[in-house]
Amino acid sequence: MLKGRQIAFMVYQHYSLTESEGAVLQFEDLMNVALVGENVRGFLNVWEDTLLGMKQVPSEDILHDLFRQQLLKAETFKPLMALYHQGITQRGLPKSYERL
């Protein structure tokens with residue numbers, strides 16, 4: 001007959017994730033963070049919380065592309081995003097997650 005601790009250990013073993021599976025799930029969590037409507041503050045809170053929970057944060061290039069993709073959804077940010085794009089194309093500024 002199995003004891004409670006043995007059953008708990010078996011359940012834990014069954015549902016445990018490898019490090020790579022955990023990293024994929026964390027990256028999926030980041031990809032699923034979305035800007036809803038014009039709630040930029042809410043989006044930023046969820047974005048930062050998700051990044052803080054990640055063991056390995058993606059590269060700046062990936063963060064830039066994911067973050068930019070969400071900011072383009074906000075009507076209030078369209079003029080600012082146009083200026084950002086203009087800085088890249090006309091002034092030769094590099095793409096930067098920090099400048100976003």
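Guide: In helix α4, the buried residues are L63, H64, L66, F67, Q70 and L71, where buried means under 20% relative accessible area, exposed over 50% and partly exposed in between (1.4 Å probe, protein chains only). This is a predicted model, in which local features need pLDDT of at least 70 and side-chain atom pairs count only at pLDDT 80 or more, while totals for chains, interfaces and linings use all residues. Residues are numbered from 1 along each chain as its sequence is written, and side-chain values use heavy atoms, with hydrogens and water left out.

Helices (H or I, at least four residues) are DSSP runs, numbered from the N terminus. Helix α4 covers residues 60-71, and its 12 residues reach 16 Å from first C-alpha to last, close to the 16 Å expected at 1.5 Å a residue; the expected span is 1.5 Å times one less than the number of residues. The cover over its buried residues includes α2 (19-31), α3 (40-52) and α5 (78-89).

One of the buried residues, Q70, has a relative accessible area of 7%. Q70 touches V33, A34, L35 and F43, not counting residues up to four places away in sequence; contact means heavy atoms within 4.5 Å. A polar atom of the Q70 side chain lies 2.9 Å from the backbone nitrogen of L35.

Y97 touches W47, L51, E60, L63, H64 and F67, again not counting residues up to four places away in sequence.

Conventions
Helix = DSSP H or I, 4+ residues; strand = E, 2+ residues; numbered from the N terminus. Polar contact = N/O pair within 3.5 Å; in protein donor to acceptor, adjacent residues only side chain to side chain.
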